[in-house]
Amino acid sequence: MFCENCGAEVKAGARFCECCGTKVNAAAEPPKQEPPKPAPDTVIPPRMDPPAPSASVGQQSGSYQTYGTYAEPQPQAVRPAESMSFVEAIKDFFNRYADFKGRTIKSGFWWVVLFNCVVNVALNRLGTIVPFLDIVGYLYSVVMIIPLLAVDVRRLHDIGKSGKWLFMALVPIAGWIWLIVQYVKPSAGDNEWGLAPESRKDFPPQI
């Protein structure tokens with residue numbers, strides 16, 4: 001608001017101009033506007049809260065879900081390789097010394113068979129040269145009983161058969177021939193003992 005006499009700006013609510021002392025006309029002040037009131041029949045919509053986040057978000061990488069809990073990321077099962085080198089097969093053989101539940105692919109099994117045959121022949125030859133090395137050969141044969149049985153069972157699991165079929169070895173000649181035929185078969189599909197290699201994952205499980 002400005003003074004009508006000198007044109008100076010007058011503070012809101014002042015009755016006289018601070019510069020010339022002229023009385024300010026209160027009627028010149030613009031009336032205060034109040035917000036419009038809603039009509040009696042106007043319906044005010046209720047306040048809507050934002051929707052809660054879905055509990056299915058982030059199931060793989062981990063996220064906060066309902067009730068304030070945190071979902072840890074689940075490790076994904078890794079399929080075995082389609083083939084194994086000699087070193088990989090021997091490492092797997094000793095790392096799974098008494099594993100009677102998993103699977104062993106064909107190349108991993110036959111590398112172990114070759115390794116065991118070479119070691120036995122070498123110890124027997126050395127035993128004929130150095131007498132006390134005969135004991136080493138006997139000890140090696142005893143120590144290898146459990147891991148060799150375990151790898152036999154895992155090979156049967158890999159083709160979809162129970163480890164109980166290993167008792168076929170008790171049948172003279174025919175039982176051994178039957179087992180060798182089974183050991184040369186390729187891996188079966190996914191079964192209760194684990195996942196098949198990538199190239200065999202779509203094959204139906206065998207019994």
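How many nonpolar, polar and charged residues does the lining of the largest pocket have, by class? The count is 14 nonpolar, one polar and one charged. The legends below refer to a predicted model.

**View 1. The largest pocket and its lining.** The volume of the largest pocket is about 370 Å³. Its lining consists of 16 residues, and those nearest the centre of the pocket are Phe 109, Val 113, Asp 152, Trp 176 and Tyr 183. Helix 2, helix 4 (145-158) and helix 5 (174-183) are the elements that contribute two or more residues to this lining. Helix 2 supplies the largest share, six residues.

**View 2. Helix 2 packed against helix 3.** Helix 2 covers residues 106-129 and helix 3 covers residues 133-143; their axes lie 7 Å apart, at an angle of about 155°. Because angles over 145 degrees count as roughly antiparallel, helix 2 is roughly antiparallel to helix 3. The crossing of helix 2 past helix 3 is left-handed. On the helix 2 side, the contact is made by Phe 115, Asn 116, Val 119, Asn 120, Leu 123, Leu 126, Gly 127 and Thr 128. On the helix 3 side, Leu 133, Asp 134, Val 136, Gly 137, Tyr 140 and Ser 141 take part. Sorted by class, the residues in this contact of helix 2 with helix 3 are seven nonpolar, six polar and one charged.

**View 3. Helix 2 packed against helix 4.** The axes of helix 2 and helix 4 cross at roughly 155° and come within 10 Å. The two helices, helix 2 and helix 4, are therefore roughly antiparallel to each other. Helix 2 passes helix 4 in a crossing that is left-handed. Helix 2 makes the contact through Lys 106, Phe 109, Val 112 and Asn 116, and helix 4 through Leu 148, Val 151, Asp 152, Arg 155 and Asp 158. What classes do the residues of the contact of helix 2 with helix 4 divide into? There are four nonpolar, one polar and four charged residues. Phe 109 and Asp 152 belong to this contact and are also among the residues nearest the centre of the largest pocket.

**View 4. Helix 1 crossing helix 2.** Helix 1 (residues 86-95) and helix 2 have axes that come within 9 Å and cross at roughly 85°. Helix 1 and helix 2 are therefore roughly perpendicular to each other. The contact residues of helix 1 are Phe 86, Ala 89, Ile 90, Phe 93 and Phe 94, and those of helix 2 are Gly 108, Trp 111, Val 112 and Phe 115. By class, this contact of helix 1 with helix 2 has eight nonpolar residues, one polar and no charged.

**View 5. Surroundings of Trp 193.** Trp 193 sits in the segment after helix 5. Leaving aside residues up to four places away in sequence, Trp 193 touches Lys 101, Gly 102, Arg 103, His 157, Gly 160, Lys 161 and Ser 162. Trp 193 and Arg 154 are 39 residues apart along the chain, and their C-alpha atoms are separated by 8.5 Å.

Key
Residues are numbered from 1 along each chain as its sequence is written. This is a predicted model: local features need pLDDT of at least 70, side-chain atom pairs count only at pLDDT 80 or more; totals for chains, interfaces and linings use all residues. Side-chain values use heavy atoms; hydrogens and water are left out. Axes are lines fitted to C-alpha atoms, for helices over the stretch in contact, and angles run from 0 to 180 degrees between N-to-C directions. Helices (H or I, at least four residues) and strands (E, at least two) are DSSP runs, numbered from the N terminus. Angles under 35 degrees count as roughly parallel, over 145 as roughly antiparallel, 65 to 115 as roughly perpendicular and the rest as oblique. A crossing is left-handed if the near helix is turned anticlockwise from the far one by less than a right angle, and right-handed if clockwise. Contact means heavy atoms within 4.5 Å. Ala, Val, Leu, Ile, Met, Phe, Trp, Tyr, Cys and Pro count as nonpolar, Asp, Glu, Lys and Arg as charged, and the others, Gly among them, as polar. On a 1 Å grid over the protein atoms alone, a cavity is a set of points where a 1.4 Å probe fits but cannot get out, and a pocket is an open set with protein on both sides within 12 Å along at least five of seven lines; lining residues have an atom within 4 Å of a point. Grid points are joined across faces, edges and corners, and a volume is the space filled by probe spheres set on the points.
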